[in-house]
Amino acid sequence: HQQVTTTVYIMPPRKAKQHDTEGNDLSETLLSIEERLSRIEQNTACMNNFEKDLSELKEEQASLKSTVDFISKELEEVKAKNKDLNRIVTQHELEIVNMRNHMKRIDADRLRLWDEARRSEDYSKRECLMFLGIEEKENENCTELIQNIIRSKLSIQNDMKFQRCHRIGVKNPTKPRPIIVKFAWFQDKIQVLKNAKLLKSSPIYIQECFSEATANRRRALLP
């Protein structure tokens, strides 16, 4: 008979330790994967938040752009209105300048006409003299009264003719009114005026006749 030999293999104890090590490595790998997945989720959440913030920023940017466009439009309208106002103001300023120039011309014409009227009035009175301080009586004849004064007090024997001879002003019982005489000849007036110095000792005195404006000018020149 043949002898049968049976071989029994016994796993060494270290094989079980190797299995445990492989299990641990797998657990660590899984844990590492989970951690990576967790980080990926966190990054995904951050990306979502970032995209949300970016979207909000884009909306704000669009809103700001709309506001800027509105303000720009309003500014352009204001500039246009300001331009129109400046044009209107410039036009009004030109009208004011024209009105002032027109008023200056009117004033110049008024002064010229006033001076012409003054000169005309002075010229119309160039033959006139004013006799003052002559006693006033009822029913007096001013022409005879002045002619007597000229002959007796001024020593002029010429037979002078008058265009007009009368008292002027409102009658005053305490003061005689002046007598205005318009001579027919200018030379007679000059002669009477030259001899008026003979009346120094008399209450009577003689003045030339001028317009009120000329008289005021002459008074202003007196010391």
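Author: Begin with one residue and its accessibility. This model is predicted. D159 has 57% relative accessibility, so it counts as exposed; the cut-off is over 50%.

Reader: Which residue forms a salt bridge with D159?

Author: K161 does, with the closest N and O atoms 3.6 Å apart. K161 is at 47% relative accessibility, so it counts as partly exposed.

Reader: How many salt bridges does a search of the whole structure find?

Author: The search finds 13. Take E208 and K189: their closest N and O atoms are 3.2 Å apart. This pair links distant parts of the chain, 19 residues apart. E208 lies in strand β4 (residues 205–208), K189 in helix α3 (residues 186–194).

Reader: Is K189 buried or exposed?

Author: Buried means under 20% relative accessible area. K189 has 3% relative accessibility, so it counts as buried. E208, at 32%, counts as partly exposed.

Reader: What about R118 and D115?

Author: They form a salt bridge too, with the closest N and O atoms 2.7 Å apart. They are three residues apart in helix α1, so about one helical turn separates them. R118 and D115 are both buried.

Reader: Which residues form a negative surface patch?

Author: D53, E56, E59 and E60 form one. D53 is in helix α1 (residues 13–124). At 41% relative accessibility, D53 counts as partly exposed.

Reader: And the nonpolar core?

Author: The largest one has 20 residues. F131, I146, I150 and V192 touch the most other members. Helix α2 (142–152) gives the most to this core, four residues.

Note on methods. Residues numbered from 1 in each chain as written. Predicted model: local features only at pLDDT ≥ 70, side-chain atom pairs only at ≥ 80, totals over all residues. Heavy atoms only, no water. Patch = residues over 30% accessible without salt bridge, like charges linked within 9 Å, V, L, I, M, F, W, Y side chains within 5 Å. Areas by Shrake-Rupley, 256 points an atom, 1.4 Å probe, with all protein chains shown as cover. Salt bridge = Lys/Arg side-chain N within 4 Å of Asp/Glu carboxyl O. Lys, Arg positive; Asp, Glu negative; His and termini not counted. Charge placed at Lys NZ, Arg CZ, Asp CG, Glu CD. Helix = DSSP H or I, 4+ residues; strand = E, 2+ residues; numbered from the N terminus. Buried < 20%, exposed > 50% of the residue type's maximum accessible area, 1.4 Å probe, protein only. Core = buried A, V, L, I, M, F, W, Y, C linked by side-chain atoms within 4.5 Å.
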